[in-house]
Amino acid sequence: MDPLKIIEKYYDKNSELYRILVDHSMDVTRKALELAAKHPELNIDIQFVKEAAMLHDIGIFKTFAPDICCEGTEAYICHGYLGSELMMQEGFPRHALVCERHTGTGLSLEKIIEKDMPIPHRDMRPVSIEEQLICFADKFFSKTHLGEEREVRKARVKLEKFGYDSLKQFDAWCKMFL
């Protein structure tokens, strides 16, 4: 499977949005692989991480986020499940789960209902070690400051808006992966 070929089905290769998506995804992929290399005891599926990390944000084009050139109609919070739907259509259910479960440190059904989020009512927290690794690696990069890796402290601060459970999960991943 070639992640770039899939991305190119949905994104104009010459667009700024394509560049933002691919640059961000390459940073996340690099970080995830770097962390995986430190932990051979976790038996991480490296090939899957290479593919899924590149595709985790494939749904952003369907959202409205003008600061990153997204001109879709959906709220940005929807990009995970929208990307998941695309990956299911492409025949990659494991990759679809990474898309759906990478927002924040994952979204519990309770949080989705409590915050009245415009996304399907189901648990969207990362489960597999690969899902967790990609979700964690993603917290170190933004799409508005491409190529800049956040320090752990700054990544943690960005998660404060998601509440105590997100910080607790991030801290657990710091112990697991760093």
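How much space lies in the largest pocket of this structure? The figure is about 610 Å³. Please keep in mind throughout that the model before us is predicted. I shall begin with this pocket, then turn to a second one, then to the salt bridges, and finally to the cysteines.

The largest pocket is lined by 23 residues, and those closest to its centre are Tyr76, Phe141, Lys143, Arg150 and Lys161. Helix H8, which covers residues 152-159, provides the largest share of this lining, namely 3 residues. Sorted by class, the lining of the largest pocket holds 8 nonpolar, 7 polar and 8 charged residues.

The second largest pocket has a volume of about 330 Å³. Its lining is made up of 16 residues, and the closest to the centre are Gly106, Ser108, Arg125, Asp165 and Ser166. Two helices, H6 and H9 (164-177), each supply at least two residues of that lining. Of the contributors, H9 gives the most, with 5 residues. By class, the lining of the second largest pocket comprises 4 nonpolar, 6 polar and 6 charged residues.

I now come to the charged side chains. The model contains 15 salt bridges in total, and I have selected a few of them.

Consider lysine 9 and glutamate 90, whose side chains form a salt bridge with an N to O distance of 2.9 Å. Why does this pair tie together separate parts of the chain? Lysine 9 belongs to helix H1 (residues 3-10) and glutamate 90 to helix H4 (residues 79-90), so the bridge joins parts that are 81 residues apart in sequence. Lysine 9 itself is exposed, at a relative accessible area of 55%.

Arginine 19 and aspartate 23 form a salt bridge, and their closest N and O atoms are 3.1 Å apart.

My last topic is the cysteines. How many disulfides does the model have? The count is 0. For cysteine 99, the closest cysteine sulfur is that of cysteine 135, at 12 Å; because a disulfide requires sulfur atoms within 2.5 Å, this is too far for a bond. Cysteine 99 is buried, with a relative accessible area of 0%. The closest cysteine sulfur to that of cysteine 174 is likewise in cysteine 135, at 12 Å, and so this distance is also too far for a bond. Cysteine 174 counts as buried as well, at 15% relative accessibility.

Note on methods. Residues numbered from 1 in each chain as written. Predicted model: local features only at pLDDT ≥ 70, side-chain atom pairs only at ≥ 80, totals over all residues. Heavy atoms only, no water. Salt bridge = Lys/Arg side-chain N within 4 Å of Asp/Glu carboxyl O. Helix = DSSP H or I, 4+ residues; strand = E, 2+ residues; numbered from the N terminus. Buried < 20%, exposed > 50% of the residue type's maximum accessible area, 1.4 Å probe, protein only. 1 Å grid on protein atoms, 1.4 Å probe; cavity = no way out; pocket = protein on both sides within 12 Å on 5 of 7 lines; lining within 4 Å. Points joined across faces, edges and corners; volume = space filled by probe spheres on them. Nonpolar A, V, L, I, M, F, W, Y, C, P; charged D, E, K, R; others polar.
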